[in-house]
Amino acid sequence: MAHSAAHERLAALSSHLARPTAPPPDWPGALAALEATFPAHQLSLDLATRQQHGQSWGSLLPPAPPAAVLHALATSDVVAVVRIATRFGIVLIPTGGRTALEGQFTPTRQAASGEVVLPRPTIHVSLSRMNRVLELHAQDFQAVVQPGVGWASLNAYLAERDGVKLFFPVDPAPGSEFGGMAGVAGSGTNAVGYGTLRAEWIQGMTVVLMDGSVIRTKGTNRARKSTTGFDTGRLFLGSEGTLGIITELTVRLAPSVPLKVALTSFPSVANAVTAVVDILGAGLTPTSLELLDGTSIRGLNLSKILPDELPEEPTVLMRFSNPSDEVNRASLETVAKIVERAGGRELRVAKNEQENDELWKARKSQYWSQQLLIGAGCRTLITDVCVPISRLAEFVARSEVLVQRSGLVAPIVAHIGDGNVHRAILWKGAEGETERPKEVEHLAKALVKLALELEGTCAGEHGIGLTKRKYLRAELGEGTVALMRTVKRALDPLNLLNPGKVLFPEGEEEWV
Ligand SMILES: Cc1cc2nc3c(=O)[nH]c(=O)nc-3n(C[C@H](O)[C@H](O)[C@H](O)COP(=O)(O)OP(=O)(O)OC[C@H]3O[C@@H](n4cnc5c(N)ncnc54)[C@H](O)[C@@H]3O)c2cc1C
């Protein structure tokens, strides 16, 4: 036994020794090369900009500023910075809208508290200034965009055009950009109707690899379907900036059709799930099916965003998109019957465009209205598990017990049509707090464990980053994690591209 353990250690060591390693970091050399290659307006070296770039949304830690922010304007800029990084042993982190929630673009620290020490100097490669729509192929339902274009700005651009109205339907945070959206490959409120970014909404990408080469994942092909070879594009979807840097994307568009918002509430989440499954089973085509629990509705009522108060019980907000208002009306008549059968209240259907927007605001303002449940100093940890819809009611019921035991407030906003439950764990922050209270972390972990027990996932749409790495082995299994490592080593042998994200550094695993 002892012999075999020693043998394994030796084998691991020799395979480690055989690997290429990055040169020792040389920041003065790298800085001189950056300044010789890029004009001053493409390099931010001032502390304020660097600190802002090193801070991620909702993080309590002090900012971990990168040594520089490079604002790329072209694919050739990305190639140049990759060559500088590999020559001088510098870490690169690509960034887009910087709305990712799991620490995906935060430079990895050596110690997670107090003083910030980065193992290697880090350059944030911001793609946000590459923000042009390059081509529009309306008849092919396609656009070619640079990575700094956001889904919201692409839609604003498309809305201005004459002719058939098109839009991009996958909607993570409003500030997110296509490079970062491909990086996390999540979804949003429209996933029940249109699928996620892992479906075929991103059809091809130009990617700069860490050896300085530039590939197009689909070559010259812009056809709607193709079975040519491995699906290399998928490798980069959800790779969280660890395998290559995306500098152009061909995205699919959908026709924009009339939309109707409706809302109702149920005596329990189980009743709401029954209605949702029946709506989907009836072949109706909702684009969004969203659940707010009674606690979330209490926050909404406190916010007075809606002119009238809603009953504080599980509430389902729906959006239906069909080729005409008549089809929408007919669909909603069927929905009303399904809701009644499932024990829901009378379906409230928006009367006009204005009421559509008003009711949808109830969903979109959730983060802010939930804060009112705690008041000033409220802090939030948004959890992101997803379970098969058939297990959703059980997940909610059992998670309710966990929440009550914790003594915390944790309202639910769920993409109920996908089984994706965000429980926002709320607490009143203390002055100078840099770590979440233990009970918050315990509850978040218990929710993930419960989701895994119910054949679900720790990350429905927000990705892995730094915070969910510990669950990978339990969810995916040893073999799949090992395959991911092999891919990472093949594409980034020096481990300089967003290291430590998604996968733990080797030898530092802390599995749950
Ligand atoms: C209020 C709020 C609501 C949200 N709601 C949703 C939601 O409904 N659904 C959802 O899925 N997510 C949601 N998110 C999370 C976030 O919006 C998404 O993960 C989004 O896709 C990130 O895009 P970004 O441009 O902000 O990327 P960033 O945060 O800048 O980067 C994300 C990751 O992609 C990598 N990356 C960035 N650019 C590139 C590139 N060009 N090439 C390669 N890698 C790159 C980064 O290194 C990082 O790992 C929400 C976040 C907030 C703050």
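A residue is counted as near a molecule if its C-beta atom, placed from the backbone, lies within 6 Å of that molecule. The exercises below use this idea on a predicted model.

**Exercise 1.** Describe the shell of residues around the ligand, by position, by element and by class.

*Solution.* Begin with position: there are 36 residues around the ligand, and those that come nearest are Gly179, Gly180, Gly183, Gly186 and Gly241. Next, look at the elements, where β3 (91-95), α6 (178-184) and β10 (245-252) each supply at least two residues of the shell, and where α6, with five residues, gives the largest share. Finally, sort the shell by class, which gives 15 nonpolar, 16 polar and five charged residues.

**Exercise 2.** Determine how helix α2 is oriented against helix α4, and which residues make the contact.

*Solution.* Two packed helices are described by the angle and the distance between their axes. Here the axes of α2 (residues 27-37) and α4 (residues 75-88) come within 9 Å and cross at roughly 160°. Since angles over 145 degrees count as roughly antiparallel, α2 is therefore roughly antiparallel to α4. The contact is made by Gly29, Ala30, Ala33, Leu34 and Thr37 of α2, together with Ala80, Ile84 and Phe88 of α4, and by class it has six nonpolar, two polar and no charged residues.

**Exercise 3.** Work out the strand order of the open sheet of five strands and find its edges.

*Solution.* The order is β5-β6-β10-β8-β9, with antiparallel pairing. The edge strands are β5 (133-137) and β9 (214-216), because each of them pairs on one side only.

Notes: Residues are numbered from 1 along each chain as its sequence is written. This is a predicted model: local features need pLDDT of at least 70, side-chain atom pairs count only at pLDDT 80 or more; totals for chains, interfaces and linings use all residues. Helices (H or I, at least four residues) and strands (E, at least two) are DSSP runs, numbered from the N terminus. Ala, Val, Leu, Ile, Met, Phe, Trp, Tyr, Cys and Pro count as nonpolar, Asp, Glu, Lys and Arg as charged, and the others, Gly among them, as polar. Axes are lines fitted to C-alpha atoms, for helices over the stretch in contact, and angles run from 0 to 180 degrees between N-to-C directions. Angles under 35 degrees count as roughly parallel, over 145 as roughly antiparallel, 65 to 115 as roughly perpendicular and the rest as oblique. Two residues are in contact if their C-beta atoms, placed from the backbone, lie within 7 Å. Two strands pair if DSSP finds at least two bridges between them.
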